[in-house]
Amino acid sequence: MKKQTVSASTGMSQINTEQLKEQIIRHLHSTLGTDVNKASPQAWWRATCAAVNEQVYDGLRNTQRTHYEQNTRALHYFSLEYLMGRLFSNNLHNLGLYEQAKQALAELGLNIADLEDQEEDMALGNGGLGRLAACFIDSLATLNYPAIGYGIHYEHGLFQQSFQDGRQIERPDSWREYGNPWEICRPESVQEISVYGYVETVYDLQGKMKKVWHPGRIIKGVPWDIPIVGYNGSSVNVLRLWESRASDFFNWDVFNSGGYIDAARENIEAETISKVLYPNDETDAGKELRLIQQYFFVSCSLKDIIRRYKRAHGDDWSDFAKQVVIQLNDTHPAVSIPELMRILVDRAEMQWDQAWNICQHVFAYTNHTLLPEALEKWPVRLFEKVLPRHLEIIYEINRRFLIEQVDVLWPGDNDKKRKLSIIEEGHDPMVRMGHLSVVGSFKVNGVAEIHSQLVKSDLFPEMVALWPDKFTNVTNGVTPRRWLKACNPKLAKLLDSKIGDNWPTDLKQLSKFAAFADDPAVQQSFMAIKQQNKAELATVVKKLTQIDIDPHAIFDIQIKRLHEYKRQHLNLLHILALYRRILQDPDYDMVPRVFLFGAKAAPGYKLAKEIIYAINKVAEKINHDKRVKNRLKVVFMPNYRVTLAEKMIPAADVSEQISTAGKEASGTGNMKLALNGAITVGTLDGANIEIAEEVGSDNIAIFGLTVDEVKALHAKGYNSADYYYANPEIKAILDWLETDYFTPGKPGELSAIKRSLLEGGDPYLVLADFESYVKAHEKVDSWYRDQAGWAKKAMLNTASVGKFTSDRSIEDYVSRVWQLKKCNITAQ
Ligand code: RUG
């Protein structure tokens, strides 16, 4: 075996193609127990993963040792979701081994892309929130910040979607049915957590009162560690995901009393906790199992953090808040606030004030939405059943908050108390998790400038009056390693050749590319790359949907969860308008367009599923109508997920970011698409506003009502029927949807959309924005006719969005919230 060189910084081996080949074959033999002449692609993939892991584990050991030796302050990211996608090519890229691996595999007669396709997506998230968490842990490792991600090791991630006669069908996602080569089980760090039961008040010999929680059930949390490899051999951090199991202790009791079957049932119930990800995006599931999921993972994680802290500090808590900062990714992990209080007050026997002081220096909270249906509230009665002691603690937090804060600023003002109380009154009182998160955190942030302003002005104005310095903004970002370098290698190479290869870790470097925006040769290269990416996507589309699309058409892409506020139905109305114009005027002049959608609807969200059905039915009709003469194609890609996004984004000409202003907190797909040279058709919502500021008004098609105009229209009284009667095109389209034109023999099948827009009052102002949306698209059509002009706009998009790297978001969190120090990893 040849000697490997070792990176001076991290101790990760720098291996060459020959060595990699040897390692792969060695793992094929000794890890997989098979041979080159009979190995399946799956075995080759696993052997290659094992070879890659040799490098990863070097970095992991060195990172963990360095953090331990330097006793670093660390970030603990608490998130119920991590939408990781595949790790194979990502890890290779971040290790700087992708080209070597490609070459090594080619010399072994294998195509790296075929091996990449062996991997299931790790889809432990619903959409933007979970993908943001994945980008953040990539950036944290890349920037050498000590950090650990905590979450749940779901057995089933987000459901797999297919279409049957245009309707969404959901199937379970068994992403690790045959194991997952990237994870390491850590039985030595198992935790036990409690739920249910009752609280007893007892007095000790000195007459001091104590609360004792007698749990009804104990559950074991088994940690699985996924190493997170920073780019270019920086840190290798860890994502620690908890799997629930029945506690050995508890089951022995039942077993000994003769209840073997009961013991088995207990097992099944305990294992249910980490069985499946709730598939709701932006809606509060409100179910007992969901609350238990939340508590399960935060309790395991806090115990894990405390175990690690105690290893260095024993029972001295005075440095806890100096060493530990916990970021709550939305309110989903907010129960960690009363849980830490319980541990400190009940277990460590700390005074309330001292414990509360620690909590308030440890937690920070990110708000990701203003939508009322997504703001979590738990029925008090459910809390009482599942977490009786935590409910008492929440009452005490609330009592003190109302007396010591609210009543001091607004003496005797009961309306204020009612509004600010963590407990919402009513016939079914609720625990407001947003209020709890704000009260218990030292910083609260929104995820784009406008969103953070609205969090302050519309969601928590009184909290801002109480604590003006608590509120801040951190605009989201995406990792350019996955979302440009790995997914768009041709564009990445062009950038390397023009502006150098530092941009993956210093994305502001992209601005240098603007100097080439008028250069015809570079324009041509840029457009040729887009063309090739589009041709590759056309092949994928054909394979998945049997639909032929022309790579020379404009590829107009809307990819995101299906939700009324994201307005996929506005896009559909525009498609119908174009179709109708073509039918009315056979020579209607438009640049051919392919509209591509990718979206999953929550299984219980009826209207969202009706919108998918309508798009599929309209697509069927348009795609088979000869009169269209290929000017229009509509494709709904099945099973949209990270891996599909990686194929669609590099091929996009137009990026649809069309939410009602004020509803999309930030968006991150908007950033990925602009980075890859797509031109945004968008409202002034979320991060679109900041994208528009960066790329300039000539290079983005903004339309629609602004946040203030939306508010004013609602205040005045919005009547969608006014638009229906005033605009003959709108009327014709909506009426068309009610006929059986798109669903032969079944009139009314697509009428849900019209009903929601007229009888339902059109809550997301689709009809109000329709006309200006159509105009924005006419502008895009005219822009595309000038290919050099289009190339310039597209290139300026890529060149101008350096701000939206998740590295910048992380640096903002570090300076505004976390106060971390970088820790350079040393080899032993
Ligand atoms: O809807 C928001 C997106 O606007 C945002 O970009 C993303 C990441 O911050 O989070 C999404 N989100 C919000 N997902 N779930 C929620 C509410 O729980």
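# Close-up views of the predicted model

**View A. Gln819 is an exposed residue, with 12 other C-beta atoms within 10 Å.** Gln819 sits in the segment after helix H33 (806–818). Although Gln819 is not a glycine, its phi is positive, about 55°. A word on the model before moving on: it is predicted, so local features need pLDDT of at least 70 and side-chain atom pairs count only at pLDDT 80 or more, while totals for chains, interfaces and linings use all residues. To find your way, count residues from 1 along each chain as its sequence is written.

**View B. Gln546 is another residue with a positive phi, about 65°, although it is not a glycine.** Look for Gln546 in the loop between helix H21 (520–545) and strand S22 (554–559). Helices (H or I, at least four residues) and strands (E, at least two) are DSSP runs, numbered from the N terminus. Gln546 is exposed, with 7 other C-beta atoms within 10 Å.

View C. Along its principal axes, the C-alpha trace spans about 95 × 75 × 55 Å. Of the 828 residues, 51% count as buried. The protein is divided into domain 1 (1–70 + 87–120), domain 2 (73–83 + 124–476 + 812–818) and domain 3 (483–804), with bounds from an automatic or database domain assignment. Between the C-alpha centres of domain 1 and domain 3 there are 38 Å.

**View D. The ligand is surrounded by 18 residues.** The closest are Gly128, Leu129, His368, Ala665 and Ser666; a residue counts as near if its C-beta atom, placed from the backbone, lies within 6 Å of the molecule. Domain 2 and domain 3 each give at least three residues to this shell. By class, the shell holds five nonpolar, nine polar and four charged residues. Ala, Val, Leu, Ile, Met, Phe, Trp, Tyr, Cys and Pro count as nonpolar, Asp, Glu, Lys and Arg as charged, and the others, Gly among them, as polar.

**View E. Strand S16 (residues 363–366) has buried residues pointing both ways.** Phe363 and Tyr365 point one way, and Ala364 and Thr366 the other. S16 runs parallel to strand S15 (residues 324–329), joined by four bridges, and to strand S20 (residues 443–446), joined by three bridges. Two strands pair if DSSP finds at least two bridges between them. Follow Ala364 in S16: it is the bridge partner of Gln327, and Ala364 has Lys443 in S20 as a bridge partner too.

**View F. An open sheet of three strands has the order S17-S19-S18, with antiparallel pairing.** Strand S17 (377–379) and strand S18 (423–424) are the edge strands, each pairing on one side only. S17 meets strand S19 (residues 430–432) over three antiparallel bridges, and Lys377 has Arg432 of S19 as its bridge partner.

**View G. Helix H16 (residues 433–440) is largely enclosed by the rest of the structure, because eight of its eight residues are buried.** Among them are Met433, His435, Leu436 and Val438.

Technical notes: A residue is buried if 20 or more other C-beta atoms lie within 10 Å of its own, exposed if 12 or fewer, and partly exposed in between; C-beta atoms are placed from the backbone.
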